[in-house]
Amino acid sequence: MPSYDELVSDLKSLVATENCGPILIRLSWHDAGVYSSGKLTGGCPNAAMRFTDGGEGTFGANAGLPTVALSLLKPITTKYCDSGFISNADMWVLAANVAIEAMGGPQIPTRFGRVDAASSAQSVESQGGRLPDGDKGADHLRDIFGPKGFDDKDIVALSGAHTVGSCHADRSGFEGAWTEEPLVFDNAYFVEMLKKKYDEETTSAGNPQFRNPDSGTIMLIPDLALLQPPFREYVELYAADKAAFFDDFTKVWTKLQELGYSDLRDSL
């Protein structure tokens, strides 16, 4: 019989061996982030991206997740999910949280009890109005995150996940890493955003983004929108105080991962 400690150990080994922490974070975020309680309703972390005959597994915003991320997780999901030890949806949450801590970030509490989608039919209808676009600014961020229960401070804290990872033109249409150490989870996203100058450019996919000519790191339109008030005060706070960022990120990230559920438990 598998054990929880063995599962966490296997996830840590995967992150260390494959340097795949950022895409595991993105997998959890996009699984949960379709939730909305505004004009659009429904959605929850249910691992619907496992199915690629339609629904969330085919959304453009999720490009690379059903293929790259789930392929990386396949040996672990076969061992633990196929046996019924843990649901895929809970596995994705735990994998992201293990990755965050393994890359130097905060220890995120994980609760369990998410139910897997049985087919693509249990996906939300589309990504529109649910997941953020990389070419839109502050109003769009509020339109997306407000119906999920997040305010301006929460938006900045969640955006701090861009301290790790890179954009890939063949997936998102954007290209480059946000920070100089994209496998280290810290507050560099905010520090670099305030310190660096970014020049506008167009990616090979035709999308607008901004690049620092010295480091080659990038920012997207919604990233730089955080330099506007009232977002900016939180950018400055997190740039100056990593502990404050970690505390606030832990709260809003946990909230994101639990959207749509009210009866999760503290253990498997």
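Student: Which residues lie nearest the centre of the second largest pocket?

Tutor: On a 1 Å grid over the protein atoms alone, a pocket is an open set of points where a 1.4 Å probe fits, with protein on both sides within 12 Å along at least five of seven lines, and lining residues have an atom within 4 Å of a point. In this case 13 residues line the second largest pocket, and Tyr-4, Leu-94, Glu-101, Gln-107 and Ile-108 lie nearest its centre. Helices H1 (4–18) and H4 are the elements that give two or more residues to this lining, and H4 gives the most, with four residues. This is a predicted model, in which local features need pLDDT of at least 70 and side-chain atom pairs count only at pLDDT 80 or more, while totals for chains, interfaces and linings use all residues. Residues are numbered from 1 along each chain as its sequence is written, and side-chain values use heavy atoms, with hydrogens and water left out.

Student: How many residues of each class are found in the lining of the largest pocket?

Tutor: In this classification Ala, Val, Leu, Ile, Met, Phe, Trp, Tyr, Cys and Pro count as nonpolar, Asp, Glu, Lys and Arg as charged, and the others, Gly among them, as polar. The lining of the largest pocket then holds 24 nonpolar, twelve polar and five charged residues, whereas that of the second largest pocket holds seven nonpolar, three polar and three charged.

Student: At what angle do the axes of H4 and H10 cross?

Tutor: Axes are lines fitted to C-alpha atoms, for helices over the stretch in contact, and angles run from 0 to 180 degrees between N-to-C directions. Helix H4 (residues 88–102) and helix H10 (residues 242–257) have axes that come within 11 Å and cross at roughly 165°. H4 and H10 are therefore roughly antiparallel, a label for angles over 145 degrees, with under 35 counted as roughly parallel, 65 to 115 as roughly perpendicular and the rest as oblique. Where they touch (contact means heavy atoms within 4.5 Å), Val-93, Ala-96, Asn-97 and Ile-100 in H4 meet Phe-249, Trp-253 and Gln-257 in H10. That contact has five nonpolar, two polar and no charged residues.

Student: How does the packing of H6 and H9 read, in angle and axis separation?

Tutor: H6 and helix H9 (residues 231–240) pack at about 45° with axes 9 Å apart, which makes H6 oblique to H9.

Student: Where does Pro-230 lie, and what kind of peptide bond joins Pro-229 and Pro-230?

Tutor: Pro-230 is in the loop between H8 and H9, and the bond joining Pro-229 and Pro-230 is cis, with omega about 5°.
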